Amino acid sequence: MSILASKMIDVYLVTMLTILIAFRIRFSSSSMNKMVVVLGDFGRSPRMQYHTESLIANGFYVDVIALRGSEPIASLRNNKRVRMHLLRAVPKMKAGMPRVCFLLYAPIKVLIQIAQLLFAMLILSPRPSSIICQNPPSIPTLPIVWFVSRIRGSCFIIDWHNYGYSILALTLSKTHWLVRFARFIERTFGRLGDRHLCVTNAMRRDLNKNWNIVPLSSIVTFHDRPNQMYRPTPLKQRHDLFLRLAKHSDTQHAFEFFGTVTEKNETIFTYVNGKSKENRPSLLVSSTSWTKDEDFSILLDALRQYDDACSDAKELPSILCIITGKGPERDYYVNLMKKNPMRHVIVSTVWLSFEDYPLLLGSADLGISLHMSSSALDLPMKVVDMFGTGLPVCAANFSCISELVKNNVNGCTFNDSNELASQLIRLLSRKSDNDELNRYRKNLKPFREDGWASRWNRLVLPMFV
């Protein structure tokens with residue numbers, strides 16, 4: 001009897017669980033519920049955070065399914081309209097392991113991610129009327145989000161940031177079977193999206209022509225725009241930021257290189273009242289993920305050429321170049337710079353808070369972008385943020401960068417380190433007739449005025465209503 005009772009209890013529990021799941025899947029719904037899916041660190045996914053912020057601003061409730069990691073922007077923390085379902089990242093495989101280990105590890109990682117996504121999207125969340133999913137990564141995100149959207153009767157929206165298979169090809173090769181498989185999955189399930197967002201007109205054309213996503217009207221180009229926190233930094237805030245950087249463990253050595261005077265409440269850039277010093281160094285800023293689609297050696301070689309020119313030209317200021325970001329190749333380049341120091345240029349790597357990063361961009365003289373798109377169809381978000389603060393940019397040249405950086409209008413594009421070095425020398429020169437950077441800043445004003453909120457409400461909101 002006890003065995004029979006136990007089995008009956010098991011059947012009862014399974015039945016009740018099935019009913020509960022069915023209820024959650026089909027009936028616990030509202031047109032005001034939306035879902036944002038990012039199989040990555042949500043705190044390092046600005047575009048998806050801004051989507052969430054805009055949905056909230058329009059009165060929706062949002063369930064965010066993402067990997068735990070960095071803190072999100074302030075407006076999303078402890079917000080009653082946001083339910084965060086943060087997944088634990090699958091531990092990474094140790095570097096240097098044989099390739100066969102990777103081939104065994106990869107499917108196990110995908111299975112764990114599938115289970116995590118299904119549980120969060122089907123059990124933990126009420127039924128959304130729309131799901132917006134970031135791509136890449138494509139596997140297992142696209143198949144799982146498509147599956148859940150069909151079960152729950154939700155509109156499936158894909159936000160195409162890039163192509164996942166093209167990023168994988170940087171590590172393997174275009175002809176590798178795993179890259180071909182990833183491309184097949186991405187094309188197959190990408191076509192099944194109900195609506196599509198993409199970051200460039202070039203990608204919109206490619207999705208329509210080469211990926212057979214039709215009709216063309218279902219694909220909307222939504223060029224990135226910066227959050228409202230990205231704006232020129234007032235003098236007082238600049239001064240306070242420089243005081244913090246002069247004492248920051250990652251940048252203290254750089255400020256000391258130029259003889260910082262924080263004991264007098266001054267910095268190498270500003271006086272006590274925050275007023276800018278005339279003979280200060282120029283401040284360059286670059287943000288990088290330290291991956292193979294951003295060749296840091298180009299910037300390093302250009303800075304060495306500038307350093308040589310600086311010795312012979314009094315009108316050229318010294319440079320403090322601050323590199324923000326985390327990634328796999330960071331340690332290699334940090335060690336390389338330590339072994340080969342320069343006389344008039346110092347490079348410092350630092351990880352800044354979400355609040356200090358915009359202040360740094362708004363305090364700089366020039367931004368540098370090394371992003372080389374793996375698909376040649378996406379644009380660097382870092383440049384968007386820089387433009388938001390009124391900061392002109394020198395950007396690596398590729399096929400669609402002109403949709404953002406217009407050469408000799410709001411910045412410059414370069415093809416190699418020699419071209420970048422020439423641009424640095426020309427733009428940073430303190431000759432009396434050099435007003436090129438100020439002209440670029442003025443030309444950025446229309447970009448800054450047509451911000452994220454107005455464009456989102458005009459182009460993206462109709463997808464959700």
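1. Helices (H or I, at least four residues) and strands (E, at least two) are DSSP runs, numbered from the N terminus. By that rule the protein has 18 helices and 13 strands. The model is predicted, so local features need pLDDT of at least 70 and side-chain atom pairs pLDDT 80 or more, while totals for chains, interfaces and linings use all residues. Residues are numbered from 1 along each chain as its sequence is written, and side-chain values use heavy atoms, without hydrogens or water.

2. Overall size. The C-alpha trace spans about 95 × 50 × 50 Å along its principal axes.

3. The open sheet. Six strands make up this sheet, in the order S10-S9-S8-S11-S12-S13, and the pairing is parallel. Two strands count as paired if DSSP finds at least two bridges between them. Strand S10 (345-350) and strand S13 (411-414) are the edges, each pairing on one side only. Neighbouring strands are turned by 20 degrees against each other on average, direction ignored.

4. S9 and S10. Strand S9 (residues 319-324) pairs with S10 in the parallel sense, over six bridges. Within this pair, Cys321 has Val347 in S10 as its bridge partner.

5. A helix on the sheet. Helix H10 (residues 296-310) packs here, touching strand S8 (282-287), S9, S10, strand S11 (366-369) and S13. Contact means heavy atoms within 4.5 Å. The direction of H10 makes about 170 degrees with that of S9. Axes are lines fitted to C-alpha atoms, for helices over the stretch in contact, and angles run from 0 to 180 degrees between N-to-C directions.

6. Parallel pairs S5, S6 and S7. Strand S5 (residues 155-160) runs parallel to strand S6 (residues 195-198), joined by four bridges. Ile158 stands opposite His196 in S6. S6 also pairs in the parallel sense with strand S7 (residues 219-221), over three bridges. Cys198 stands opposite Thr221 in S7.

7. H15 gives the largest share, four residues.

8. Two cis prolines. The peptide bond from Asn135 to Pro136 is cis, with omega near 0 degrees. The bond from Ile139 to Pro140 is cis too, with omega near 0 degrees. Pro136 sits in the loop between strand S4 (127-135) and helix H4 (141-152). Pro140 is found in the loop between S4 and H4 as well.

9. A positive phi. Asn78 has phi near 55 degrees, a positive value in a residue other than glycine. Asn78 lies in the loop between strand S2 (61-67) and strand S3 (82-87). For background, most residues other than glycine have a negative phi, and most peptide bonds are trans.
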